[in-house]
Amino acid sequence: MIASGPVAEKEAFLKSLEEVPGALLALPYLFEFWAHPHQLPPKGNWRVWVVLGGRGAGKTRAGAEWVRTMVEGSRPLDKGAARRVALVGETLDQVREVMIFGDSGILACSPPDRRPDWLATRRMLRWPNGAEAVACSAHDPESLRGPQFDAAWVDEFAKWKRAQEAWDMLQFTLRLGKDPRMCVTTTPRNLKTLRNLLAAPSTAVTRAPTEANRAYLASSFLDEVRARYAGTRLGRQELDGDLLEQAEGALWSMEALEAARCTEVPAFDRIVVAVDPTASSGKGSDACGIVVAGVVSVGPPQDWRAMVLEDCTLQGVSPLVWARRAITAMERWGAHALVAEVNQGGDMVEAVLRQVDPMVPVVRVHASKSKSARAEPVAALYEQGRVTHYGVFNALEDEMCQMTRLGYQGSGSPDRLDALVWALTDLVISRAAEWRVPRIRTVAR
């Protein structure tokens, strides 16, 4: 607030510090004064603090400053809460170059009278008060057998190749002191060990996108990465710090969905709006999946290519509201038909739609197979490169990455995915089935 205020206000603040001996010199090292909220340890009784953020969000600085708060006392030679700290990165080189000697590393953050010495032969930092921090490699989990610590800083945990082994070994080393704690700084990735850690009751989490630290980043960097990756799943992970989950054995992968992006809309042979109605309305009810898709023939009559155009899904609304939403989408895209699942509601579904538009062409579909069985042939179309997405559909794609052959692994019901499956089944799979039916030729006598 002060840094962004008027010049006179800033000068008055700095002048006031001159009245306190050493205050002006100490100010750059008072991290709690400069820190963003996500860079400060949360209150409460936690064992692991996870700083989850985008690239450049200030995670490394948060970890380095947390180590300082653990090992430093009130005065340079006073003891702190921790005396022996583990610094764990993917490799020893990364511990040294990022966590220790990096621009936001421990040495850069430490004031001159508290700066530790680097003992290269022992791979160790030693502070003036006797506290020590040992560099450890997650690439070699067995190296964590033997040493013991009362605190640990873990960096870029989600990129460790042997994450579970290294994490398990680290837990056994934290056996000193009254309350051993860890700080984990990482950009999120779909790693089972990370998901389990975030779900643990003893874990506290702070989150931040890259923009949270924009004051310390090159504006050209932000402009470039946002222009290139905004709205993509990679951007959500690397810039927004979102944990994008993908179930083991998922029918769709994040990489495949990124490869399916397109930016141009062709002239379609057929467009449909598919609806997966909800059985109830109001708060807490399932969503009404509404997805628009089109198909175009690119070669032989049976060689169709489909494109997902829009996700209009609604939640917690009455049947009349979702019916209006679906028919409005039909008008907007010039759709040929509305495909509606009638398992729940039967004739009521069509009746509601006709209240909005009595002439709406409705294709009634009935689910006789499980959701995963219906989704498999649609997933095969993606594998064949026959389906693209016009833009990014975050909520829909999250559901897609949670569907496996054994069923849906996400929470709730995959209503958006159900609507997508009905749309592509009508546009491609049903048409292909018709072409496979043998034709009887009449021969003139």
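Glutamate 156 sits in the loop that joins β6 (151-155) to α7 (163-173). Helices (H or I, at least four residues) and strands (E, at least two) are DSSP runs, numbered from the N terminus. The model is predicted: local features need pLDDT of at least 70, side-chain atom pairs count only at pLDDT 80 or more, and totals for chains, interfaces and linings use all residues. Residues are numbered from 1 along each chain as its sequence is written, and side-chain values use heavy atoms, without hydrogens or water.

Glutamate 156 is not a glycine, yet its phi is positive, at about 45 degrees. Its relative accessibility is 22%, which counts as partly exposed. Here buried means under 20% relative accessible area, exposed over 50%, and partly exposed in between (1.4 Å probe, protein chains only). Arginine 123 also has a positive phi, of about 50 degrees, without being a glycine. Arginine 123 is placed in the loop between β3 (117-119) and β4 (124-126). With a relative accessible area of 40%, arginine 123 is partly exposed. Most residues other than glycine have a negative phi.

The mean pLDDT (the predictor's confidence in each residue, from 0 to 100) is 85 for the chain, and 86% of residues reach 70 or more. Over residues 437-445 the pLDDT is below 50. Beyond near neighbours in sequence, this stretch has one contact (heavy atoms within 4.5 Å) in the model.

The largest pocket has a volume of about 640 Å³. A pocket is an open set of points on a 1 Å grid over the protein atoms alone, where a 1.4 Å probe fits, with protein on both sides within 12 Å along at least five of seven lines; lining residues have an atom within 4 Å of a point. The volume is the space filled by probe spheres set on the points, which are joined across faces, edges and corners. Of the 29 lining residues, Gly56, Gly58, Lys59, Thr60 and Ser104 are the closest to the centre. α3 (31-34) and α4 (59-71) each supply at least two lining residues. The largest share, three residues, comes from α4.

The largest nonpolar core has 36 residues. Such a core is a set of buried Ala, Val, Leu, Ile, Met, Phe, Trp, Tyr and Cys residues joined through side-chain atoms within 4.5 Å. Trp252, Val308, Tyr382, Met400, Leu420 and Leu424 touch the most other members. α16 gives the largest share of this core, nine residues. A second, separate core of 29 residues includes Cys262, Ile290, Val352 and Val362.
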